Amino acid sequence: MDWVQLEGAAYWWVFVGTFLGVAIWETCRPLRPLLVNAGRRWRNHAVVWFVCAAGLALTARVSPVLAAVSAAGNPYGILNKSQPPIPFRWLLAVALLDLTRYLLHVGLHRIPGLWRFHEVHHSDPDFDLSTGLRVHPMEVLFNQAGYLSAILLLAPPVSAVVVSELTSVFMSFFGHANASLPPRLEKLSRYLFVSPDMHRIHHSEAISDQNANLGDIFPWWDRMFGSYLASPQAGQEGLVVGIHGKQQPMSLDIGFMFSHPFRRKPEAGNP
Ligand SMILES: [Zn+2]
């Protein structure tokens with residue numbers, strides 16, 4: 001079994017396992033009541049995810065792992081040299097791939113034409129594991145293009161790309177959980193990985209909160225570049241998620257999610 005097959009098989013185990021684990025966690029210990037029932041949320045967000053996955057399979061037939069395999073012999077690659085030693089290059093690759101995701105996320109917020117598409121993700125009137133599935137197809141294509149370009153440039157160890165991909169799948173559900181870690185673990189996690197409480201701040205309707213905590217796996221880039229925010233303006237209890245004025249059940253309509261970027265101007269506050 002090669003790396004592409006291995007990642008393909010592991011992807012579904014991580015996807016289904018994390019979904020079930022987080023679903024049980026937030027069903028047993030939900031942090032906030034939902035505006036729209038979970039069944040409708042999960043079904044409609046799954047439709048958006050399926051369209052994105054099918055669209056990506058038809059248009060961009062190169063996966064990150066396949067890109068890493070083909071970049072291994074790139075003479076201009078940064079991380080495929082004999083030095084520094086492989087353990088160091090491996091850790092550096094995982095970190096730089098996450099930095100790439102952070103920078104792409106910053107671009108989605110700062111560039112008006114991109115924000116229109118990313119706003120679909122933020123216009124979810126609730127915040128639960130299914131929010132991770134709510135990504136507009138155009139945003140998926142943008143992220144894929146940026147991420148594949150970074151892999152071709154970095155030429156990272158293939159195993160590092162596999163681990164980074166699987167961790168990102170885990171974080172897409174865990175980071176959007178409608179639940180909180182125990183206080184001690186929550187405090188410690190803020191130095192190691194992005195917790196649901198930390199990412200929830202990014203989904204606040206307050207623009208200053210929205211422009212913070214843009215990290216995907218690690219919180220280091222937010223801390224390094226000054227976009228880390230420990231607590232939202234209104235506190236976790238008073239935090240209102242979504243886009244101001246869009247916190248309505250119709251924001252869950254499948255038609256709304258696909259057509260939203262083409263129907264209106266961006267919200268004032270974000271470009
Ligand atoms: Zn965002």
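A crossing of two helices is called left-handed if the near helix is turned anticlockwise from the far one by less than a right angle, and right-handed if it is turned clockwise. Helices here are DSSP runs of H or I with at least four residues, numbered from the N terminus. The structure is a predicted model, in which local features need pLDDT of at least 70 and side-chain atom pairs count only at pLDDT 80 or more, while totals for chains, interfaces and linings use all residues. Residues are numbered from 1 along each chain as its sequence is written.

**Helix α3 and its two partners**

Two packed helices are described by the angle between their axes and the distance between the axes. Axes are lines fitted to C-alpha atoms, for helices over the stretch in contact, and angles run from 0 to 180 degrees between N-to-C directions.

| Pair | Angle | Axis distance |
|---|---|---|
| α1 (residues 3-28) and α3 (residues 64-71) | about 160° | 9 Å |
| α3 and α7 | about 165° | 9 Å |

The angle of about 160° between α1 and α3 makes α1 roughly antiparallel to α3, a term that applies to angles over 145 degrees. The crossing of α1 and α3 is right-handed, and the contact is made by W3, V4 and E7 of α1 with V65, L66 and V69 of α3, two residues being in contact if their C-beta atoms, placed from the backbone, lie within 7 Å. By class, this contact has 5 nonpolar residues, no polar ones and 1 charged one, where Ala, Val, Leu, Ile, Met, Phe, Trp, Tyr, Cys and Pro count as nonpolar, Asp, Glu, Lys and Arg as charged, and the others, Gly among them, as polar.

α3 and α7 are likewise roughly antiparallel to each other, and α3 passes α7 in a right-handed crossing. Here P64, V65, A68 and V69 in α3 meet V158, V161, V162 and E165 in α7, and the residues of this contact divide into 7 nonpolar, no polar and 1 charged.

**The nonpolar cores**

A nonpolar core is a set of buried Ala, Val, Leu, Ile, Met, Phe, Trp, Tyr and Cys residues joined through C-beta atoms within 7 Å, and a residue is buried if 20 or more other C-beta atoms lie within 10 Å of its own. The largest core has 25 residues, of which A68, A71, A93, I151, L154 and V161 touch the most other members. Elements that give two or more residues to this core include α3, α6 (137-154) and α7 (158-174). Leaving aside its neighbours within four places in sequence, A71 is in contact with G77, I151, L152 and A155.

Conventions:
Parallel < 35°, antiparallel > 145°, perpendicular 65-115°, else oblique. Buried ≥ 20, exposed ≤ 12 C-beta atoms within 10 Å, placed from the backbone.
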